[in-house]
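Please examine the sequence and the three-dimensional structure shown below.

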Amino acid sequence: MPTRTRDDEDLPPGQRSVAGWPTHHYGPVPKFKPERWEFRVFGATASGDKYIWNFEEFIELPLSTVVADLHCVSGKTVPDNEWSGVATSTLLALAPPAPDVTHVMVWAEYGFSANLRLHEFASDQSLLARFRNREALTPEHGFPVRLVVPPLYGWKGPKWVRGIEYMTRDRRGFWEERGYHNIGEVWREQRYSYQEEPGEGPVL
């Protein structure tokens, strides 16, 4: 299914619609080894336990679908994507966080990470996507799973996700430690850390 373009007037400030699906990532594309792949939920879980799914178990989890734009901090927007995957609400129900959890750290291959506030991760628009426009993700775009959080810039939804850490206090992820905004809301143009207001992130 081809990606549509849309009038830029409908997009958040500073964004422009692009055709196709440009790929951006830091470092090499990881090699997928299904026999070694696991998805973990750990940290401040309600039970104190870790939760682990192997690849066969993970792909058996129920699928949800969300239609949403993908916004890159560079200003490019890929509009109207049909994402299908595991809703974050499903994961939270299967592996409940402790009552005092406020944030999550999303962990991906090569130790990449992104921090989110719990309510953003738990949104009914957020999901661990396995498909885009009814086709499996390609390795370059995050196969077998990437996080999608539509109100935030794309770096907040890492490719090649391997786990979720529940946290009782905020901690910056990989790009947030390197000058990107700690929250990253698209409609507020929260692109870079120098734009942060007091209380919007841990001290760099």
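## Backbone features in the loops

Y110 is partly exposed because its relative accessible area is 49%; buried means under 20% relative accessible area, exposed over 50%, and partly exposed in between, with a 1.4 Å probe and protein chains only. The model is predicted: local features need pLDDT of at least 70, side-chain atom pairs count only at pLDDT 80 or more, and totals for chains, interfaces and linings use all residues. Residues are numbered from 1 along each chain as its sequence is written, and side-chain values use heavy atoms, with hydrogens and water left out. Y110 lies in the loop between β6 and β7 (113-117). Although Y110 is not a glycine, its phi is positive, at about 65°.

E189 is also not a glycine and has a positive phi, of about 50°. This residue is found in the segment after β11, and E189 counts as partly exposed because its relative accessibility is 30%. The peptide bond from F143 to P144 is cis, with omega near 10°, and P144 belongs to the loop between β9 (135-136) and β10 (146-148). Most residues other than glycine have a negative phi, and most peptide bonds are trans.

## Elements and overall dimensions

The protein chain contains 3 helices and 11 strands. Helices (H or I, at least four residues) and strands (E, at least two) are DSSP runs, numbered from the N terminus. Read from the N terminus, the order of elements is β-β-β-α-β-β-α-β-β-α-β-β-β-β.

For 204 residues, a compact globule would have a radius of gyration near 17 Å, and the 16 Å of the protein chain agrees with this. The radius is taken over C-alpha atoms, and the globule rule is 2.2 Å times the number of residues to the power 0.38. The C-alpha trace spans about 45 × 45 × 30 Å along its principal axes.

## Nonpolar cores

A nonpolar core is a set of buried Ala, Val, Leu, Ile, Met, Phe, Trp, Tyr and Cys residues joined through side-chain atoms within 4.5 Å. The largest such core has 27 residues, and F39, V41, W53, F58, L128 and I164 have the most contacts inside it. Two or more residues of this core come from each of β2 (38-43), β3 (51-54), α1 (55-58), α2 (88-94), β6 (103-108), α3 (118-121) and β11 (161-167). The most are given by β11, with 3 residues.

Which residues is I164 in contact with, leaving aside its neighbours within four places in sequence? They are F39, R40, V41, F42, L91, V104, M105, V106 and F121, where contact means heavy atoms within 4.5 Å. A second, separate core has 11 residues, among them A68, V78, L127 and V148.

Of the 204 residues in the protein chain, 49% count as buried. Among contacts between residues at least 6 apart in sequence, 66% join residues at least 24 apart.

I59 lies in the loop between α1 and β4 (64-71). Because its relative accessibility is 29%, I59 counts as partly exposed. The C-alpha atoms of I59 and R130 are separated by 8.7 Å, while the two residues are 71 residues apart along the chain.
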